[in-house]
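Reader: Hi! Could you walk me through this one with the cut-offs included?
Author: Happy to, just ask away.

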Number of protein chains: 2
Amino acid sequence: MKIAIALYDRFTALDAIGPYETLSRIPGAEPVFVGCEKRIFRTDLGALAVQAGASFADIDRADILIVPGGPGSRAMMSDGPFLDWVRKIHATTQWTTSVCTGSTILGAAGLLKGVDATTHWACMDELASTGANPTGERVVVRGKIVTAAGVSAGIDMGLTLVARIAGDEAAKAIQLGIEYDPQPPFDSGSVTKASPDTIGLVAAMLQQENAADAAA
Amino acid sequence: MKIAIALYDRFTALDAIGPYETLSRIPGAEPVFVGCEKRIFRTDLGALAVQAGASFADIDRADILIVPGGPGSRAMMSDGPFLDWVRKIHATTQWTTSVCTGSTILGAAGLLKGVDATTHWACMDELASTGANPTGERVVVRGKIVTAAGVSAGIDMGLTLVARIAGDEAAKAIQLGIEYDPQPPFDSGSVTKASPDTIGLVAAMLQQENAADAAA
């Protein structure tokens with residue numbers, strides 16, 4: 001089972017690693033990190049440098065496509081070769097997936113017209129602009145397209161998909177293997193639970209990032 | 001605030017990425033991935049290749065040390081240069097941390113004698129063999145030593161430490177930023193919750209891995 005994980009500059013690490021750490025543990029899984037070139041890609045926070053194991057030219061099919069999100073996703077929404085590759089692989093997949101703003105890339109590739117999908121809570125308008133129907137759910141499965149909410153939601157998406165592919169018992173075993181018994185010290189992980197102050201703080205930070213990107 | 005994340009061959013990706021994705025979002029954080037050499041290190045699942053940004057020789061202090069776990073941790077427990085570097089950095093830290101079997105490396109370095117600590121649920125005996133007092137908690141803070149349970153527990157550890165370092169509001173904002181509102185599709189993430197069949201399945205898989213390691 002070939003799993004292609006798309007890389008680009010300034011992706012968010014956990015977006016890619018959540019699905020990688022769960023789906024790659026299905027027996028027979030063959031994960032590969034794929035970039036426009038076989039070079040190093042850095043995450044949004046800069047320090048993590050991931051070497052692509054293959055280039056777009058090397059990979060022409062996959063059973064599962066995973067498109068992570070991150071600040072770099074905005075540039076990918078108008079990157080012709082990236083979108084061409086996403087469309088090409090999607091035509092071969094059993095499952096086409098995204099985490100966080102990875103769904104805005106799927107949308108820009110034309111894969112989400114009229115399709116229910118999700119993304120990071122702060123980017124619902126951007127997702128809607130691609131023709132998708134944004135939902136507030138954490139993991140959305142519609143046909144073979146599976147989208148997850150922000151960053152950490154890729155773990156829940158990965159386990160959901162493991163169950164579909166390999167059965168509930170396999171998913172439970174992988175959950176226990178990675179000891180995924182979450183105990184966040186606060187209950188502030190969604191806009192339905194965080195305080196208005198926290199939401200305002202994070203929204204302002206994200207706006208600053210976007211403004212810096214636009215000015216760059 | 002310098003954050004040194006130790007790399008070695010066959011570490012588990014999420015062990016490193018959970019703390020990276022949370023602690024590195026504190027304003028002023030300077031994370032760096034550090035290996036014995038400035039080369040590429042592969043995770044246990046093989047596909048993810050991470051380029052170390054610095055070698056042990058380059059880094060002689062850190063505010064936070066993060067030691068991930070993974071199948072490769074067993075070899076590190078008797079790796080003199082690795083343990084020497086861990087001891088050297090620990091002498092300079094405000095916080096010395098581990099995820100999963102990373103704590104067995106801290107233990108092998110002599111840092112956990114008589115100290116409450118945790119690790120992956122299947123490795124408590126190995127942790128005890130280093131002189132630590134294993135607990136069943138998900139995140140254990142004792143003085144400046146912070147240990148987390150298996151793999152995904154590094155996210156909870158990271159947020160716990162963000163709160164200690166930068167305050168509760170910062171931790172809540174980072175939690176919302178990474179939309180950490182976990183909704184696992186099953187409740188099978190700990191040995192207190194998983195079925196005996198699931199526990200047996202995972203324990204057998206881990207034993208097979210260990211036997212293959214010992215034979216290699």
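Reader: How many salt bridges are there between chain B and chain A?
Author: The count is four, where a salt bridge is a side-chain nitrogen of Lys or Arg within 4 Å of a carboxyl oxygen of Asp or Glu. One to look at joins the side chains of B:D181 and A:K193, at 2.5 Å from N to O.

Reader: Nice. What should I know about the model and the numbering?
Author: This is a predicted model, where local features need pLDDT of at least 70 and side-chain atom pairs count only at pLDDT 80 or more, while totals for chains, interfaces and linings use all residues. Residues are numbered from 1 along each chain as its sequence is written, chains are lettered from A and ligands numbered from 1 in the order in which they are written, and side-chain values use heavy atoms, with hydrogens and water left out.

Reader: And how many residue pairs are in polar contact between chain B and chain A?
Author: There are 44, with both residues at pLDDT 80 or more. A polar contact is a pair of N or O atoms within 3.5 Å; within protein, one must be able to donate a hydrogen and the other to accept it, and residues adjacent in sequence count only if both atoms are side-chain atoms.

Reader: Which element gives the largest share of chain B's side?
Author: That is α7(B), with eight residues. Helices here are DSSP runs of H or I with at least four residues, and strands are runs of E with at least two, numbered from the N terminus.

Reader: How much area do chain B and chain A bury between them?
Author: About 5400 Å², 64% of it on carbon and sulfur atoms. Buried area is the accessible area (1.4 Å probe) that two parts lose on being put together, summed over both. B:L176, B:E179 and B:F186 supply 14% of what chain B buries against chain A, more than any other three residues.

Reader: Switching to domains: where are they in chain A?
Author: Domain 1 covers 2–182 and domain 2 covers 185–216, with bounds from an automatic or database domain assignment. Their centres, taken over C-alpha atoms, are 22 Å apart.
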